[in-house]
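The exercises below ask you to read a fold step by step. Keep the sequence and the structure at hand while you work through each solution.

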Amino acid sequence: MSECIFCKIVAGQIPCAKVYEDDHVLAFLDINPLMPGHTLLITKKHAETIFDLSAEEAAACGAALPKVASAVFKAMGAEGMNILQNNYEISGQEIFHVHFHLMPRKTGDGFKVPWPAK
Ligand code: 5GP
Ligand code: ZN
């Protein structure tokens with residue numbers, strides 16, 4: 001059996017607060033959110049990084065991302081949104097199952113984007 005935490009979430013062996021699901025992807029709230037509404041969108045099929053996605057999975061992520069991001073944005077009454085995706089340890093990846101961070105932003109939320117002059 002896979003030891004991957006996100007595979008266990010897909011299999012229903014670990015609970016999650018589900019935001020969206022289709023045949024290829026699952027979105028759920030981050031267990032340690034950096035701000036309210038911090039959501040993770042993952043592929044249902046295990047792939048370590050974005051470089052390991054099949055064309056079909058990549059297309060499914062591409063189709064789901066704007067839909068889910070928009071739903072989270074509206075539900076949170078956000079003013080903006082960061083979408084972040086880490087690959088390999090040096091980038092900050094801790095869970096080696098591909099995922100996108102959807103991070104709704106509000107004035108005064110205290111989040112510092114990893115970007116110069118922000
Ligand atoms: P990474 O650093 O790999 O880009 O992000 C991994 C994210 O997964 C972190 O934000 C962390 O809080 C989240 N996470 C880790 N384990 C769990 C879990 O069991 N459930 C949920 N919902 N999120 C998790
Ligand atoms: Zn996995």
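**Exercise 1.** Determine which strands helix α2 lies across, and describe how the sheet is put together.

*Solution.* Begin with helix α2, residues 55–76, which lies across β1, β2, β3 (39–43), β4 and β5, and which runs at about 20° to β5. In this predicted model, the next step is to follow the five strands, which form an open sheet in the order β1-β2-β3-β5-β4 with antiparallel pairing. The edge strands are β1 (18–21) and β4, each of which pairs on one side only. Neighbouring strands of this sheet are turned by 20° against each other on average, with direction ignored. Finally, look at one pair in detail: β1 and β2 (residues 25–29) pair in the antiparallel sense over three bridges, and K18 stands opposite F28 in β2.

**Exercise 2.** Decide whether Y88 is buried or exposed, and say where Y88 lies.

*Solution.* First locate Y88 in the loop between β4 (80–84) and β5 (99–105).

**Exercise 3.** Describe the residues around ligand 1.

*Solution.* Start with the 14 residues around ligand 1, of which I31, N32, N86, E94 and I95 come nearest. Then sort the shell by class, which gives eight nonpolar, four polar and two charged residues.

Conventions:
Residues are numbered from 1 along each chain as its sequence is written. Chains are lettered from A and ligands numbered from 1 in the order in which they are written. This is a predicted model: local features need pLDDT of at least 70, side-chain atom pairs count only at pLDDT 80 or more; totals for chains, interfaces and linings use all residues. A residue is near a molecule or strand if its C-beta atom, placed from the backbone, lies within 6 Å of it. Ala, Val, Leu, Ile, Met, Phe, Trp, Tyr, Cys and Pro count as nonpolar, Asp, Glu, Lys and Arg as charged, and the others, Gly among them, as polar. Helices (H or I, at least four residues) and strands (E, at least two) are DSSP runs, numbered from the N terminus. Two strands pair if DSSP finds at least two bridges between them. Axes are lines fitted to C-alpha atoms, for helices over the stretch in contact, and angles run from 0 to 180 degrees between N-to-C directions. Two residues are in contact if their C-beta atoms, placed from the backbone, lie within 7 Å.
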